[in-house]
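Open the structure in your viewer and keep the selection tool at hand. This tour goes stop by stop.

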Amino acid sequence: MSGPKFRPGDAVDFLVIGAGAAGGVMAKELAIAGFRVVVLEQGPYWREKHYSHDEIKYTFLPGLTNDVKLQPITFRANEHEPAKLMKAIEYGRQVGGGSVHFTANYWRFHESDFHERSLYGEVPGTAFADWPITYADLEPYYTKAEYDLGISGLAGANPFEAPRSKPYPLPPLPVKSSGVLFERATKTLGLHPYPAPMAVLSQPYRGRPACVHCGFCESFGCEMRAKSSTLVSIIPEAEATGRCEIRPDSYVRKIVSDARGRATGAVYFDAKRREIFQRAKAVVLCANGVESAKLLLLSKSNLFPQGLANSSGLVGKHLMWDNGSFATAVFEHPLNEYKSVQVTRVIHDYYAADPKRGFYGGGGIDARFNFYPAGFALYGMPPDAPRWGSEYKRLIGTYFTRTMSLLAHATSLPMEKNSVTLDPDVKDAWGLPAVRITFENHPDDIANLNWLQERQYEILKVMGAKKIWPQPVEMYSTSVHLMGTCRMGRDPKKSVVNSVSRTHDVPNLFVVDGSNFVTSARQQPTATIQALAYRAADHMVRAATIGELA
Ligand SMILES: Cc1cc2nc3c(=O)[nH]c(=O)nc-3n(C[C@H](O)[C@H](O)[C@H](O)COP(=O)(O)OP(=O)(O)OC[C@H]3O[C@@H](n4cnc5c(N)ncnc54)[C@H](O)[C@@H]3O)c2cc1C
Ligand code: SF4
C-alpha cells in the first residue's frame, strides 16, 4: 500500500467501488489521467508474501474468496421455490479481486458475439439482444489490456479469432502433456487447436518475472507475481501517481445520491465496522456481476425507490453465469498435469452457433487438469473407483499423475427471470440483506452442454484415454463467471447502462464490470470486462475534463 491518504470529507474526483479486474483498470486509468481517486475494496490488501500452497485454505476454505459465513448467499431455481443457503457464486474478495486467483484464460470475444441476435434471431424465452457496440469499438482496448497487464499467446494461431491490431506482448507458455495429446487428436479430427491466451507471463515483463510453473495456479495467488492480476500489474502504477488511494477492508453498503439525482459518494463499513461516508464527484461501481447489482438495490432513496439507476426495473435481472461441461479421463502413461498453469491448448471450432444443431449455443474446449491432491482424492477419481481402503490409496497414486479433463466453456442465455435480488430473510454479518440468486438454465443451454460433452468424448477417445467419465452438465459447480445484471444498451427502458457503462439514470454514476454483458459469449469474461473498463475510462476522462461530472 503506497498511495496517498484522502479524507472522507474531501470530494475526490472518482470513487471506485471494488478493486478487482475492472476496478484496477479504473484506478490506473483515472489516476494517470490526473484525477484524485479513492478505491474502496471490501477485502484485504494481500501481497505475494501472504500466499502459500495450502490446498485446504484456498480450495476448500475461502482463503482468497467470498466467505458465505460472513456474506451468506441464498439460491432458488425459480421464484416458486424457497431460497436455500448455498454458495452459488464465488469471487475474489481482496485487492485485485478475481484476477488474483483466477485460472487466467484470457480470451477475446469473437466479432459475432456482439451481434448474435441479428445473426441467429430470437431465442424464445430469452432477452437475447445485440450489444450496442461492435468488436471494432473494443479492439483497441483489448490490445491496451493485453499490453498493460501482460498476456501470453500466439496471434493468428486461432483461425476463428477476430482481427487484432497487434500481436500478444508475450509468446505462449510451454505446452503441457494434456496440450500435446489434445493438439494431436484435434488435428487428426480436422480441428484447429491453438496455444491458450493466458494472463500469465511466459517471459519477464515490466519488472515482473516469468511463471516458474509451480502448479498452484487456479484458486491461488502467485508468489512470483507472474500471474497478471491487477494487484501486481496496474494497481501499483495507479498508486505510483500519488493520486490513487486503495482503501482495503472497506465494505460499501450504500451509494448516496442527492436531490438532483446525482451520486455524491458512498457509505462503507471500515475494518472496525464504523460507518464512513466518502464524498466524490463521480462514482464508478466495479463490484462484479452480482455485488454491483446488490449494491444498487441497496442504494434506494426517495428519488430512486426501486434502487439506484433502476428506473428500468432491470438491475439484477438477466443474470448469466458459468455454463460448462467437463469430461475427465485417465491415460496409460503419466501426464504429470499437476505442474504449471491449468490450460495450454484450446479449440474454438465449435464456438459459433449453428442453426443446424437445432438449438442456440456453442463453446470453446480446453485441455486441463484443475485438481490438487486432496480435491482429486475426493472428487477427481473415476466414479467406479473404490472410496476407501488400500485399493483407493493405490489408485489415487496411479490416477493423480495420469488424469486430465476437457472443459467446454459454453453459452448462458440472458433471461429476465434469472436474477440477483435482496433476500428478505437472511442477513450478512453487517446486518445487510444477503444476495438471493434465482437461476435456471435455458433448455438450449442444456442441449448445447450435452452436445459439447459428446464432442469432448470424441476427442478424448482419439487422444487414447483408457477410461472417460462425465460430470453432470447442469450447474457443475459454484459459478465464477458473473454477468448481465446491469446490462448495456441504448434504450433506458431495456438496459441499465449505456455503451460506455454510464448509468442511464444517474449521470455521474458508472457501473463497469461483468454486469454490463448483454450476452455471455462463451465464458472467460475477464478480457472483455477489462477492455470495457479501458473504454469506459476513456469516456470518463473526457467527460470529467469538460466538467460534465462535477
Ligand atoms: C476459481 C476461478 C477461476 C476463474 N478463471 C477465470 C478464467 O480463467 N478466465 C476468466 O476470464 N475469468 C475467470 N474467472 C472469473 C474472473 O475472476 C472474473 O470474471 C473477474 O475477476 C470479474 O471481474 P470484475 O471486475 O467484474 O469483478 P471482481 O474481479 O470480482 O472484482 C470485484 C471486487 O469488488 C469487491 N467488492 C464487491 N462488493 C463490494 C462492496 N460492497 N464494497 C467494496 N468492495 C466490494 C470484491 O471484493 C472484489 O475485489 C475465474 C474466477 C474464479 C473464482
Ligand atoms: S503456475 Fe506460474 S503463474 Fe501460476 S501461480 Fe505458479 S508461478 Fe504463478
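Which residue forms a salt bridge with Lys176? Select Glu337: the closest N and O atoms of the pair are 3.6 Å apart. This is a predicted model. Lys176 counts as buried, at 10% relative accessibility. Glu337 is buried too, at 1%.

Next, select Glu183 and Arg345. They form a salt bridge, with the closest N and O atoms 2.5 Å apart. It links helix H6 to strand E11, across 162 residues. Glu183 is partly exposed at 22%, while Arg345 is buried at 11%.

Move to Glu548 and Arg502, another salt bridge, at 2.9 Å. Glu548 lies in the segment after H12 and Arg502 in the loop between strand E16 and E17, so the pair ties together parts 46 residues apart in sequence. The whole structure holds 32 salt bridges.

Now go to the largest nonpolar core, which has 128 residues. Helix H12 (residues 526-545) gives the largest share, 11 residues. Select Ile255, among the residues with the most contacts inside this core. Its contacts include Ile17, Val283, Leu295 and Leu509.

Select helix H8, residues 291-298. Eight of its eight residues are buried. They pack against several strands, including E1, E7 and E9.

Finish at ligand 2. Its surroundings include Cys211, His213, Cys214 and Lys227. The shell divides into eight nonpolar, three polar and one charged residue.

Key
Residues numbered from 1 in each chain as written. Chains lettered and ligands numbered in written order. Predicted model: local features only at pLDDT ≥ 70, side-chain atom pairs only at ≥ 80, totals over all residues. Heavy atoms only, no water. Core = buried A, V, L, I, M, F, W, Y, C linked by side-chain atoms within 4.5 Å. Buried < 20%, exposed > 50% of the residue type's maximum accessible area, 1.4 Å probe, protein only. Helix = DSSP H or I, 4+ residues; strand = E, 2+ residues; numbered from the N terminus. Contact = heavy atoms within 4.5 Å. Near = heavy atom within 4 Å. Nonpolar A, V, L, I, M, F, W, Y, C, P; charged D, E, K, R; others polar. Salt bridge = Lys/Arg side-chain N within 4 Å of Asp/Glu carboxyl O. Lists of a residue's contacts leave out its neighbours within four places in sequence.
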